[in-house]
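Dear colleague,

Please find the structure we talked about below.

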Amino acid sequence: MAEMIIPYPQLQKILERTCELAVIKPRAEEMMEIVEKKLADLFEVAYENAKAERSDTIKMRHIPITKGFKNSLNLFRAVIEDEKVQIEPIRKFLLKKIPGDIPLEEDVVNELPIIAGTLFVLIGRVIKALHPEIKNVYPEHIEEAKKVLDYTL
């Protein structure tokens, strides 16, 4: 199982506030596995973009963030301030997970926790879009969301 990069009680509140979904800890762990995979995918593309540009560092512009992703990013940012999510432990954890030979610019390092948390919210938003009537997250919902994100991110 994936390590919980944001404490589970806070993840529960974030998913409730951003998607009106309830998630038990094992489902949150499944969602975190997807977050880690999608984060790696985003940085694989960022690495390729930086290399193609012959950049010495990975910049925010190298990360393939869409308008929809930015909207979810702003939603996540607002909620974590209310929930008082500690960003520094998330940042330190994620820096160990990001592969690549090219260093990250400071603004990318600072945004890492927000990007990872936004991926979690995106999973919830996809689930809610596919099943607007549900309240509780089940494994089949997570699998559907994973497929959608695999096609789109």
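A salt bridge is taken here as a side-chain nitrogen of Lys or Arg within 4 Å of a carboxyl oxygen of Asp or Glu. Please bear in mind that this is a predicted model, in which local features need pLDDT of at least 70 and side-chain atom pairs count only at pLDDT 80 or more, while totals for chains, interfaces and linings use all residues. Residues are numbered from 1 along each chain as its sequence is written, and side-chain values use heavy atoms, with hydrogens and water left out.

A search of the whole structure gives 12 salt bridges. One of them joins the side chains of Lys-59 and Glu-105, at 3.4 Å from N to O. This pair links distant parts of the chain, 46 residues apart, since Lys-59 lies in the loop between helix 2 and helix 3 (67–83) and Glu-105 in the loop between helix 4 (87–97) and helix 5; helices here are DSSP runs of H or I with at least four residues, numbered from the N terminus. For accessibility I use buried for under 20% relative accessible area, exposed for over 50% and partly exposed for in between, with a 1.4 Å probe and protein chains only. Lys-59, at 17%, counts as buried, whereas Glu-105, at 26%, counts as partly exposed.

Glu-53 and Arg-61 form another salt bridge, their closest N and O atoms being 2.6 Å apart; Glu-53 is partly exposed at 39% and Arg-61 is exposed at 58%. Within helix 4, Glu-88 and Arg-91 are 3 residues apart, and therefore separated by about one helical turn, and their side chains meet in a salt bridge of 2.4 Å, N to O. Of this pair, Glu-88 is partly exposed at 37%, while Arg-91 is buried at 14%. Salt bridges that share partners also join Lys-37, Lys-38, Asp-41, Lys-146 and Asp-150 into one network.

Turning to the helices, 19 of the 25 residues of helix 5 are buried, so helix 5 is largely enclosed by the rest of the structure. Helix 5 bends by about 40 degrees at Leu-112, with a proline, Pro-113, following within four residues; the bend is the angle between axes fitted to the seven residues ending at a position and the seven starting there.

In helix 6, His-141, Ile-142, Ala-145 and Leu-149 are buried. They cover an arc of only 95 degrees around the axis, which puts them on the same side of helix 6, the arc being that of the directions from the helix axis to the C-beta atoms. The buried residues of helix 6 pack against helix 2 (25–52) and helix 5, where contact means heavy atoms within 4.5 Å.

Best wishes

How values were computed: Helices (H or I, at least four residues) and strands (E, at least two) are DSSP runs, numbered from the N terminus.
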